[in-house]
Amino acid sequence: AIEKLRGEWGAGDALRDADLEIPQDLERFLDISYGSHALQKLDVYRPAGQGSKPLPVIVSIHGGGWFYGSKELYSHYCMRLAQRGFAVVNFSYRLAPEFRYPAPVEDSCTVLRWVQAHAAQYGLDTNNLFILGDSAGGQLCWQVCAMLTNPAYAAAFAFEVPQNLTPRACALNCG
């Protein structure tokens, strides 16, 4: 049933995106590994001509019911955000049922630690960090924001949560 849904949803998303073009006014850094699994890849989008100037950074967490989705499905949305003056980090996380909870939460925290470690290289202003998520990504977004702002909650997890990183805001779309 999962593979059938993935196929049906994928066909719909491909139809939705068929006529979309990649903006030419962006710098794109694609398929950067943030972990050891093949799915743990991210993209960074920035407005062209900014050099390494630190920009407010948006981290986008895709939706898909925790069993579907990827950074590719949200690439056009994230590129549009970058065109508005942001650096945007768009990533894929490990999906159910192949990977059990809390794998996507752990991946989200790993991406945020990557953002901290590579802020200077990609011009990411971590003092102006925004996290957004759609659907399942919205649920992951609020959970990660709770971890970043509540040490007692973060301590309930057996993986490393980023330290000294506080989002300015989070945006939950149908989370």
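The legends below describe close-up views of one predicted model.

Local features are described at pLDDT of at least 70 and side-chain atom pairs at pLDDT 80 or more, whereas totals for chains, interfaces and linings use all residues. Residues are numbered from 1 along each chain as its sequence is written, and side-chain values use heavy atoms, with hydrogens and water left out.

**Figure 1. Overall fold of the chain.** The chain holds six helices and six strands (DSSP runs numbered from the N terminus, H or I of at least four residues for helices, E of at least two for strands). Their order from the N terminus is α-β-β-β-α-β-α-α-β-α-α-β. The radius of gyration is 16 Å, which agrees with the value near 16 Å for a compact globule of 175 residues; the radius is taken over C-alpha atoms, and the globule rule is 2.2 Å times the number of residues to the power 0.38. Along the principal axes, the C-alpha atoms fill a box of roughly 45 × 45 × 30 Å. Of the 175 residues, 47% are buried (buried is under 20% relative accessible area, exposed over 50%, partly exposed in between, with a 1.4 Å probe and protein chains only). Among contacts between residues at least 6 apart in sequence, 71% join residues at least 24 apart (a contact means heavy atoms within 4.5 Å).

**Figure 2. Surface and charge.** The accessible surface of the chain is about 8600 Å², with 55% of this belonging to carbon and sulfur atoms (Shrake-Rupley method, 1.4 Å probe; for residues, only the protein chains shown count as cover). There are 14 positive and 17 negative side chains, and the centres of the two sets lie 4 Å apart. Lys and Arg count as positive and Asp and Glu as negative, with His and the chain ends not counted; each charge is placed at NZ of Lys, CZ of Arg, CG of Asp or CD of Glu.

**Figure 3. The largest nonpolar core.** This core has 36 residues, of which Leu42, Val89, Trp114, Leu124 and Ile131 touch the most other members. A nonpolar core is a set of buried Ala, Val, Leu, Ile, Met, Phe, Trp, Tyr and Cys residues joined through side-chain atoms within 4.5 Å. At least two residues each come from strand 2 (41-47), strand 3 (55-61), strand 4 (87-91), helix 3 (103-117), helix 4 (119-122), strand 5 (124-134) and helix 5 (136-149). Helix 5 gives the most, with seven residues. Another core, of ten residues, lies apart from this one and includes Leu26, Tyr45, Ile58 and Met79.

**Figure 4. Surroundings of Ile131 and Ile61.** Leaving out residues up to four places away in sequence, Ile131 touches Val59, Ile61, Leu112, Cys141, Val144, Cys145, Leu148, Pro167, Ala169, Cys170 and Ala171. Ile61 belongs to strand 3 and is buried, at 2% relative accessible area.

Figure 5. Ser60 is in strand 3 and is buried, with 0% relative accessibility. Not counting residues up to four places away in sequence, Ser60 touches Cys78, Val89, Asn90, Phe91 and Leu132. Helix 2 (residues 75-82) is largely enclosed by the rest of the structure because six of its eight residues are buried. Those six are Ser75, His76, Cys78, Met79, Leu81 and Ala82. Their cover includes helix 1 (2-17), strand 1 (26-33), strand 2, strand 3, strand 4 and strand 5.

**Figure 6. Two cis peptide bonds.** The bond from Ala96 to Pro97 is cis, with omega near 0°, and the bond from Tyr101 to Pro102 is cis, with omega near 15°. Pro97 lies in the loop between strand 4 and helix 3, and Pro102 is placed in the loop between strand 4 and helix 3.

Figure 7. Asp31, in strand 1, has a positive phi near 55° without being a glycine; Asp31 is partly exposed, at 46% relative accessible area. Asn164, in the loop between helix 6 and strand 6, has a positive phi of about 55° and is exposed, at 80% relative accessibility. Ala158 is in the loop between helix 6 (151-154) and strand 6 (169-173) and is exposed, at 87%.
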